[in-house]
Number of protein chains: 4
Amino acid sequence: MTDQNPVFIPGPTNIPDRLRNAMHLQTRDHRAPDFVETFAPVLRDCKRVFGTETGEVITFPSSGTGGWEASICNTLSAGDKVLIARYGMFSHRWIDLCQRHNLDVQVIECAWGSGAPADKFAEVLSADNGHEIKAVLVTHNETATGVKSDIAAVRQAMDASGHPALLFVDCVSSLASMPFEMDAWGVDIAVSGSQKGFMLNTGMAILGVSQKALAAMETATLTRTFFDFRDMMAANANGGFPYTPPLQLIYGMKESLAMLFEEGLENVYARHHRLAEGVRKAVDAWGLKLCAQSPELYSDTVSAIYVPEGFDSNQLTEHAFNAYGVSFGIGLGEMNGKAFRIGHLGSLTDVMVLSGLATIEMAMADLNYPITLGSGVAAAQEYFRKTASKNCA
Amino acid sequence: MTDQNPVFIPGPTNIPDRLRNAMHLQTRDHRAPDFVETFAPVLRDCKRVFGTETGEVITFPSSGTGGWEASICNTLSAGDKVLIARYGMFSHRWIDLCQRHNLDVQVIECAWGSGAPADKFAEVLSADNGHEIKAVLVTHNETATGVKSDIAAVRQAMDASGHPALLFVDCVSSLASMPFEMDAWGVDIAVSGSQKGFMLNTGMAILGVSQKALAAMETATLTRTFFDFRDMMAANANGGFPYTPPLQLIYGMKESLAMLFEEGLENVYARHHRLAEGVRKAVDAWGLKLCAQSPELYSDTVSAIYVPEGFDSNQLTEHAFNAYGVSFGIGLGEMNGKAFRIGHLGSLTDVMVLSGLATIEMAMADLNYPITLGSGVAAAQEYFRKTASKNCA
Amino acid sequence: MTDQNPVFIPGPTNIPDRLRNAMHLQTRDHRAPDFVETFAPVLRDCKRVFGTETGEVITFPSSGTGGWEASICNTLSAGDKVLIARYGMFSHRWIDLCQRHNLDVQVIECAWGSGAPADKFAEVLSADNGHEIKAVLVTHNETATGVKSDIAAVRQAMDASGHPALLFVDCVSSLASMPFEMDAWGVDIAVSGSQKGFMLNTGMAILGVSQKALAAMETATLTRTFFDFRDMMAANANGGFPYTPPLQLIYGMKESLAMLFEEGLENVYARHHRLAEGVRKAVDAWGLKLCAQSPELYSDTVSAIYVPEGFDSNQLTEHAFNAYGVSFGIGLGEMNGKAFRIGHLGSLTDVMVLSGLATIEMAMADLNYPITLGSGVAAAQEYFRKTASKNCA
Amino acid sequence: MTDQNPVFIPGPTNIPDRLRNAMHLQTRDHRAPDFVETFAPVLRDCKRVFGTETGEVITFPSSGTGGWEASICNTLSAGDKVLIARYGMFSHRWIDLCQRHNLDVQVIECAWGSGAPADKFAEVLSADNGHEIKAVLVTHNETATGVKSDIAAVRQAMDASGHPALLFVDCVSSLASMPFEMDAWGVDIAVSGSQKGFMLNTGMAILGVSQKALAAMETATLTRTFFDFRDMMAANANGGFPYTPPLQLIYGMKESLAMLFEEGLENVYARHHRLAEGVRKAVDAWGLKLCAQSPELYSDTVSAIYVPEGFDSNQLTEHAFNAYGVSFGIGLGEMNGKAFRIGHLGSLTDVMVLSGLATIEMAMADLNYPITLGSGVAAAQEYFRKTASKNCA
């Protein structure tokens, strides 16, 4: 019976029926006109979500990891220097990926729970007089710690130092949930996926690519075929794909964009903020602490929450699943055992969030956490009440 | 986004994906062997849910109201006397239906919130020396008041008075959720439907019919064709239907029975009891009262809850829907404006129930009800924690 | 693997994905505003399909048989005289239904394969000076014989004799597939269902009801509750249902109407005519005969085809199913063993029809019918080619 | 209405309802036990389809092209020599992919319509005394020309020359449709995908990998992360994925394997052969020629058919789509304009094939091809009749 409980992992997200039905598609010919007529608007409309008018949108049938790989393989060459800060599991993995593709990765180590250090980037970039650094890589929303970084500040740091490096941003768990402004922030490649803010099945990496990044393809020598921008863009220009496209996901994407625009992107962001605030009120009420070090870093899509000293967060998430049939995110990397995560992104309501809070409270009580049953729920209820639109149907 | 919130109306119930997929069926030939092979076991397995070995199961493509009509039209004649107690909207409607079919309906008026008055039945039946009463009609679970009646006691009353009347029971909102023992209780016709405990779309009335009820067809002169037992049973005997069958519902029924048996009927009943108890703990914590007059009457599928003096329950349910996108049952008939209902039957989990409790709490707080936010949730959490199986997945 | 073969029974029809998805609906509250907003337009738009501006549309969760029952129970009284011609299994069943409801049924026996005998109706009605006949009942499309009757001619006959009887028409297998003009033909009750031209699951009877028929309710004393027009219309007036509505079918109906109107009713009729003509070309090429006696009687939704002397049509349909996994209609009643039927209504294309023709050809060849493989297909291909729109996608 | 016509492209294939429902899955936690319990058996059971007991199965959320890339990136280094024959568009693309990854590709040019030249491979390998050739790459089923190559013969050629090169085989459009014997044929990497014989959505590359290929990872220096065997196998060993898995496809795969095993792989192959033979009978009857040069090369999953001199095959496929709503494969590469393709793989029946043949006949007739309407259909019918199992349901 637990199939009907929502998931509170930070993606893949709960899929609304409308999108499940949109993906419940019989095979169609991907070389036929109706595919062309579907796909081109999808690419065009995605630009609006990325916040770009001058960039291109490129998709691959893969996960976000494939998107990371595509971002570097199309623009860089072995030995190229890239600058990146490590402050969570996903920035860590992107670093690892760069290293495995023989890039010269300059890592700024930061505390997990902090965000992208614009000031340190500024220092390093200012010192890089020879402009050896070809790209700065930033994780917009670090899913492991629930930290949202300030991309505009990174852009300012880059501009201030007059550095021509490309700016690549991982927005897998932020796009279509939190504001993202590719053009305004001067992002050259933004990497996202289908299974978070777009509320779809996993299986499509979605990239926003600036003209500057496209120009970098001219000299890039890292190898790629599956993830080649050029092949994809050439095929896309004719409404097609260089290989078999993930048809169902593309039709799903069409409907997802329609849903997002019907709600209004600003309203989508506001909804995520409201739900996240409700979760944070509960965390406060429990007397627990977020991994994110300060309010401006709080992510509106995922909260990573430290368990009290002496408790094991893995036991908590495991128990919540076994006893109540609800999935929460485990602590990743440094946070393993120390924190659990509540994903609050995608197709979610305050009502669903309350069920998650109530569940984790029960699980904490079962494991003798020093929390009061109902306290977090009540705090979230109070916040949700005050901020309810009174007409949500 | 509110499509993903559960409903807390007392039926139709939340449909699990497994059943939605089972009903997501392309047209098949209902005269082909695979239909025959599907339908016969469905009828057979339904008997187990009714608790009958000697009776038959008969289905019609209609709602429960059609089932009521079928029960009387196949067994009674104009002017026949029937005995029935009115203690809620659904017993009221059955009375009305009987009257419109020209039966001589002897009504025992009872307080809404009480159940079937076995003692009064006994009195009336004992006094009916001429055995003019042809049938006693009882609403097992009065969905309007959240009252479960004691059918075994009614049977005892009938037996004690040595009265040969048929016993018809409306178990629309109890079957497959609360224990039902057709044979043990000597029920002659039990009327249910697809959209409650069976967790399916509305559209199929499901009746358990005893041999005694079948025998009554010999003399019954009320007219019927669509609802004729004889036509249906003759066609069923060959694995078919006397007219076009509701194919998707029958395949859904097959899967629903599989789900019920996999969980185990006893476990299904226990789950409903646990969820209902959780709701009742919340009601207590809010300081509110159930319509059901005493604990032995408490229904495990629906709770009707009085709002405090001076409040309008319709405003409450309307507000819960408008502000939070969650549907609760309104107060029906006498209860209109005075009570709201929480349906807790079908495919439901403790986690889902908590979201319903949290929602109605917010709605009550918004309307200045004298309740404490989180209080009902906490009471239910406490109960759910203590009774969790620790392995629900 | 045979699930993907179309069915060629004359309903329920092949369900397009768009409608299957529309019916793949999670439970919603049928008392909530969105149901009201969905249901009212459905009723209104159905009128267009019936061809009525002055009548009402009333639906019941039942099959077409329930619709027949509703038509008489709401308007007639026991002993009322009705006039009807028997020329196939479905007119036969309606006669039987009337008799079982104690109507005085005057039957005109006609050859199966003929249609409604307007001239004989005229005779009988003219002779009925006392206007004892309360209703004339006509099967528009006799599904058993593939005969379409001329309702306008029946109306003329009635008008010519100045007879005030009601005119009831069974259009279960014609509505939304062949032209139907309720107002122009003076039809008082038109009975249809969800599972034919509307391409939906079985489970909803759909009736068009004239003001004159509604007025007849005043004096009608046949009993009914489930099928009561008054209860239904009163509830419908508030956007609701007098009992639990078949939610999924109503949402399906909304989408079905959208599909029909997008294609255009005239185009829907033209498509059915073209597909039927293709089938008839094949029948000609095989050297077989239709049951329908003359071209003006040919149905555009189903063809009943005589097998040659000495062959058993049941063996043919059974073999087609067993050997090729394709369902055709069997011969019903008088036609049993003598004819098989090809349903060509609902969501069907020329391409699908060709697969049906190719299949039955193989089955006939397997059973040594004197036909040439490919001959019927070629005849239909030739016709389809000449009439293809060249832009069907 | 044309959504219900089957597609006759050589993949993605028509998806049976059972698999569409299996993929119609709400998000579940991919770190939860039920995922682990689902995924491990999927990998294990895939081995049976590849025909390997000693190899491993590795999947990636990508298309078959990604599988090609994975095969070389995990086992080879820049400058490594590989041997491959070009005899169609898909062998051509694999060559291109190798070149773009800086392999030293020795290409044997063959006529399109021929298959893998075992004799020429033998010559080259025998001459390669220094064993500079690290891998031999073979397209098992060349989807562009409808040619099936003899992998066992290639293995014999390799063994005869005592050459230690790896053997990589593209079986994207043959696996689960035609016999494949990875162990018996000594295949080191077999590359397939979800959207052909497995009858699923596009989105998963599926590889069989021998222990010898795994050992080659030790020295391979081509870069990869998304497609890294090691990461994937390490995660798989714990029932997980190194990044977000394509949940719906994995559950779909579980059901696809169940369907394949229920039918029996031998029966699956026999069904494909029968359907292909039917198509070939039709081609003969039309007086047209297959691109495949000789019967032993005929593919059982796709037929590429030359149009007569003076006709344009693109016009034919375009017209078939526009006039009849049916998709066929276009001629690719050298075949463009000269040939069209009929895909006959996946979830397909003889009845569906006949609709495709009938359609393309109409399209050919419309464009004045010198063919007789119904001739191909009749030839296929004759063949299908003789080979029908008489119990296909």
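Which residues in α13(B) meet which residues in α14(B)? The model examined here is predicted: local features need pLDDT of at least 70, side-chain atom pairs count only at pLDDT 80 or more, and totals for chains, interfaces and linings use all residues. Residues are numbered from 1 along each chain as its sequence is written, while chains are lettered from A and ligands numbered from 1 in the order in which they are written.

In chain B, Asp350(B), Val353(B), Leu354(B), Leu357(B), Ala358(B) and Glu361(B) of α13(B) meet Gly376(B), Val377(B), Ala380(B), Gln381(B) and Phe384(B) of α14(B). Contact here requires that the C-beta atoms of two residues, placed from the backbone, lie within 7 Å. Helices (H or I, at least four residues) and strands (E, at least two) are DSSP runs, numbered from the N terminus. By class, the contact of α13(B) with α14(B) has seven nonpolar, two polar and two charged residues. In this scheme Ala, Val, Leu, Ile, Met, Phe, Trp, Tyr, Cys and Pro count as nonpolar, Asp, Glu, Lys and Arg as charged, and the others, Gly among them, as polar.

Helix α13 (residues 350–366) and helix α14 (residues 375–387) of chain B pack at an angle of about 165 degrees, and their axes are 9 Å apart. This angle makes α13(B) roughly antiparallel to α14(B), a term for angles over 145 degrees. Axes are lines fitted to C-alpha atoms, for helices over the stretch in contact, and angles run from 0 to 180 degrees between N-to-C directions. The crossing of α13(B) and α14(B) is right-handed, meaning that the near helix is turned clockwise from the far one by less than a right angle.

Chain B also holds an open sheet of three strands in the order β10-β11-β12, with antiparallel pairing. Its edge strands, β10 (289–290) and β12 (339–343) of chain B, each pair on one side only. Two strands pair if DSSP finds at least two bridges between them; strand β11 (residues 302–306) of chain B and β12(B) are joined in the antiparallel sense over five bridges. Ala304(B) stands opposite Arg341(B) in β12(B).

Between chains, 43 residues of chain B are in contact with 42 residues of chain C. On the side of chain B that touches chain C, α3 (64–73), α4 (89–100) and α10 (247–263) of chain B each supply at least two residues, and α3(B) gives the most, with four residues. This side has 15 nonpolar, 21 polar and seven charged residues. Chain B is superposed on chain C (RMSD 0.0 Å) by a rotation of 180 degrees with 0.0 Å of shift along its axis. The two copies are thus related as by a two-fold rotation axis. Superposition is by least squares on the C-alpha atoms of residues with pLDDT of at least 70 in both copies. Ser62(B) comes closest to the rotation axis among the residues of chain B, at 2.6 Å (C-alpha). Because 98% of the interface residues of chain B are also interface residues in chain C, the copies meet through the same surface.

A further interface places 42 residues of chain C in contact with 42 residues of chain D. Here α11 (313–324), α12 (350–366) and α13 (375–387) of chain C each supply at least two residues of the side of chain C that touches chain D; α12(C) gives the most, with 11 residues.

Note on methods. Parallel < 35°, antiparallel > 145°, perpendicular 65-115°, else oblique.
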